[in-house]
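Take a look at the two chains shown below. This report walks through them one at a time, and then looks at where they meet.

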Amino acid sequence: MSAIDHYIQAVILHGQTEARQDGSAAIEAHHLLLGIAAQEGTAAREVLTSAGLDRQAIRDALDREFEHSLGTAGVSAASFGLPAPTPDPDRRLNLGASGRLCLERGFATATGKKDLRPGHLVLGILEAELGTVPRALTLAGVDRAALATRLREVLADGSW
Amino acid sequence: MVACMPADIPEPQEPADALAAVVALRRLADQLEDAAVEQAMRAGWSWPQVAEALGVTRQAVHKKHVKRLIAAGVTLRRRQ
């Protein structure tokens, strides 16, 4: 397996842990973004961090989007007093529709498999105009277009 | 503002907001199901009781939650 294969596998594995923790039925794009933010030693992670998006900041932005969207329907997650469920540590999750789509888009931004690097995967996630990730980033005041431009510059430098 | 809606519930303005609310409510419902089933089973409810309360089959609720609850150390009543 090549370095990018190992990297993608690590991102998906981390995404699975995130999905289990928030009780999701599948690994979605926002779980993969958290997985990317958790893998050290990539230029893509540095670009995210310099835009204020470390793993915890992304998690916080996603939580705010969740509360905000529930609020649109007049619901608050905090209004239910149930104890948090115990996650299943062994539950195997598949990629959800948004997870698959962002990977496909990421692969398409690279010129062939040999060129594929972590930054391309972030570009694939940022390409989504609709859904949880763009809503969370907008609420957090992140300029997605500027972030994508910076990623393309870093990728053009040949950075991993 | 629709007359039957309480004043403190904002109306969805945009399709994107309304659709995002659907996604968030589904996720909340999934989280609540996990929490409520765990709470019931810790309180000694049986699988058929939980299934009937949820309006699903016993097989469905068992398949979805049994591994998680065993891992959580919940003492489960035998399936009837």
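Predicted model: local features only at pLDDT ≥ 70, side-chain atom pairs only at ≥ 80, totals over all residues.

Two residues are in contact if their C-beta atoms, placed from the backbone, lie within 7 Å.

Chain A has eight helices and zero strands. Its elements run α-α-α-α-α-α-α-α from the N terminus on. The radius of gyration of chain A is 16 Å, close to the 15 Å that the globule rule gives for 160 residues, so chain A is as compact as a globular protein of that length. Its C-alpha atoms fill a box of roughly 50 × 35 × 25 Å, taken along the principal axes.

Chain B has three helices and zero strands. From its N terminus on, the order is α-α-α.

| Chain | Residues | Buried |
|---|---|---|
| Chain A | 160 residues | 42% of residues |
| Chain B | 80 residues | 15% of residues |

Start with helix H1 of chain A, residues 3–21. At 1.5 Å a residue, its 19 residues should span 27 Å, and its end C-alpha atoms are 27 Å apart, which agrees. Its buried residues are Tyr7(A), Ile8(A), Val11(A), His14(A), Gly15(A), Gln16(A), Glu18(A) and Ala19(A). They pack against H2 and H6 of chain A. After H1(A) comes Gly23(A), and the phi of Gly23(A) is positive, near 70°.

Now move to helix H5 of chain A, residues 97–109. Its 13 residues should span 18 Å at 1.5 Å a residue; the end C-alpha atoms are 19 Å apart, which agrees. Which residues of H5(A) are buried? They are Ser98(A), Gly99(A), Cys102(A), Leu103(A), Gly106(A) and Thr109(A). These cover an arc of only 135° around the axis, which puts them on the same side of H5(A). The face turned away from that buried side carries the exposed residues Ala97(A), Glu104(A) and Ala108(A). What covers the buried residues of H5(A) includes helix H2 (29–38) and helix H6 (118–126) of chain A.

**The cores**

In soluble globular proteins, nonpolar side chains tend to be buried together. Here, the largest nonpolar core has 39 residues. The members that touch the most others are Leu32(A), Leu33(A), Ile36(A), Val122(A) and Ile125(A). H2(A) gives the most to this core, with six residues.

Take Ile36(A) as an example. Leaving aside its neighbours within four places in sequence, Ile36(A) is in contact with Val11(A), Ala44(A), Arg45(A), Pro118(A), Leu121(A) and Val122(A). There is also a second, separate core of five residues, and its members include Val37(B), Met41(B), Trp47(B) and Leu69(B).

**A residue in a loop**

Gln39(A) lies in the loop between H2 and helix H3 (43–50) of chain A. Is Gln39(A) buried or partly exposed? Buried takes 20 or more other C-beta atoms within 10 Å, and exposed takes 12 or fewer. Gln39(A) has 16, so this residue is partly exposed. Not counting residues up to four places away in sequence, Gln39(A) touches Tyr7(A), Ala10(A), Val11(A) and Arg45(A).

**Where the chains meet**

The contact takes 24 residues from chain B and 24 residues from chain A. On the side of chain B that touches chain A, the elements giving two or more residues are helix H1 (15–42) and helix H3 (58–71) of chain B. H1(B) gives the largest share of that side, 17 residues. By class, this side of chain B has 15 nonpolar, two polar and seven charged residues.

One residue of chain B shows the meeting up close. Ala24(B) is in helix H1 of chain B. With 23 other C-beta atoms within 10 Å, Ala24(B) is buried. Leaving aside its neighbours within four places in sequence, Ala24(B) is in contact with Phe66(A), Ser69(A) and Leu70(A).

Technical notes:
Residues numbered from 1 in each chain as written. Chains lettered and ligands numbered in written order. Helix = DSSP H or I, 4+ residues; strand = E, 2+ residues; numbered from the N terminus. Expected span 1.5 Å × (residues − 1). Arc of directions from axis to C-beta. Nonpolar A, V, L, I, M, F, W, Y, C, P; charged D, E, K, R; others polar. Rg over C-alpha atoms; globule rule 2.2 N^0.38 Å. Core = buried A, V, L, I, M, F, W, Y, C linked by C-beta atoms within 7 Å.
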